[in-house]
Amino acid sequence: MRVGLFKRSASFILDIMPIIMIVMLLQQWFIGGIIKTSIDPNYDQLEVEYFELLEERDAEIEPYYQQYEDGEITVEQFESFRDPINNAFLEDNTELINTVIIQYWLYAIMYWIISTNLIYMIYVLAFKGQTLGRKVMKIKLVGNVKWYSLILREILWKTLFYVITFSAGVAIDIGLIAFTKKKRTLRDMFTKTYLAFEGVDYPF
């Protein structure tokens with residue numbers, strides 16, 4: 001009997017949540033500081049300056065917003081007051097915004113993608129595909145379970161497939177699992193593996 005969507009999803013969530021926690025804690029304790037220093041040695045000072053300017057911009061907009069809330073001006077009038085202030089803020093602080101916001105988040109996203117995939121790959125290889133999440137849900141990976149097929153299945157055809165295709169990859173997987181008899185995803189087909197319940201290995 002092939003494993004359905006609920007048990008697959010639950011086992012993946014059980015596996016990935018601890019990894020996400022590790023990546024998040026590493027960012028808070030170490031990596032975040034490294035990223036900031038690599039962007040600019042004075043990043044913390046620039047961040048304080050950015051948020052002070054942001055507060056000044058919001059304070060300038062606030063009276064017009066209050067007038068709109070009180071019904072004294074229309075939404076079009078409010079936008080006509082707000083937009084020039086916003087545009088001036090963006091023009092005057094382009095370099096600061098690029099440093100404090102854009103560069104930091106680009107580096108942070110790269111860190112999350114690389115570290116999450118790396119830890120997940122080591123984890124899957126260490127357990128030879130029989131992860132703790134699968135054990136808790138009493139399912140197992142069977143078929144061509146080799147180190148190279150695990151890398152292809154779990155990294156290239158799972159995590160990176162989701163990253164590259166965004167929600168489309170998840171939708172394709174859900175459709176194949178929910179609406180096909182064999183409940184095999186593209187990664188299952190490509191690597192000649194599939195998930196089965198522990199203790200049974202029926203070909204259907």
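Helix H4 gives the largest share of the nonpolar surface patch, five residues. This is a predicted model, in which local features need pLDDT of at least 70, side-chain atom pairs count only at pLDDT 80 or more, and totals for chains, interfaces and linings use all residues. Residues are numbered from 1 along each chain as its sequence is written, and side-chain values use heavy atoms, with hydrogens and water left out. A negative patch and six salt bridges complete the picture.

**Nonpolar patch**

- The patch covers about 710 Å² and is made by Trp-105, Ile-109, Met-110, Ile-113, Ile-114, Val-163 and Ile-164.
- Helix H4 (94-126) and helix H6 (147-165) are the elements that give two or more residues to it.
- Helices are DSSP runs (H or I, at least four residues), numbered from the N terminus.
- Patch residues have over 30% relative accessible area and no salt bridge; nonpolar side chains (Val, Leu, Ile, Met, Phe, Trp, Tyr) are joined within 5 Å, like charges within 9 Å.
- Accessible areas come from the Shrake-Rupley method with a 1.4 Å probe, and for residues only the protein chains shown count as cover.
- Ile-113 sits in helix H4. Its relative accessible area is 33%, so Ile-113 is partly exposed.
- Buried means under 20% relative accessible area, exposed over 50%, and partly exposed in between (1.4 Å probe, protein chains only).

**Negative patch**

- Glu-49, Glu-52, Glu-55, Glu-56 and Glu-60 form a negative surface patch.
- Asp and Glu count as negative, Lys and Arg as positive; His and the chain ends are not counted.
- The charge is placed at CD of Glu, CG of Asp, NZ of Lys or CZ of Arg.
- Glu-55 lies in helix H2 (residues 43-69). Glu-55 counts as exposed because its relative accessibility is 57%.

**Salt bridges**

- Side chains of opposite charge can pair when their charged atoms come close.
- A salt bridge here is a side-chain nitrogen of Lys or Arg within 4 Å of a carboxyl oxygen of Asp or Glu.
- Asp-58 pairs with Arg-57 at 2.7 Å, N to O. Asp-58 is partly exposed, at 36%.
- Arg-82 and Asp-83 form a salt bridge at 3.0 Å, N to O. Arg-82 is partly exposed at 26%, and Asp-83 is partly exposed at 32%.
- Arg-153 and Asp-188 meet at 2.5 Å, N to O. This pair links distant parts of the chain, with Arg-153 in helix H6 and Asp-188 in helix H8 (residues 186-191), 35 residues apart.
- Both Arg-153 and Asp-188 are buried. Together with Arg-8, they are linked in a network of salt bridges.
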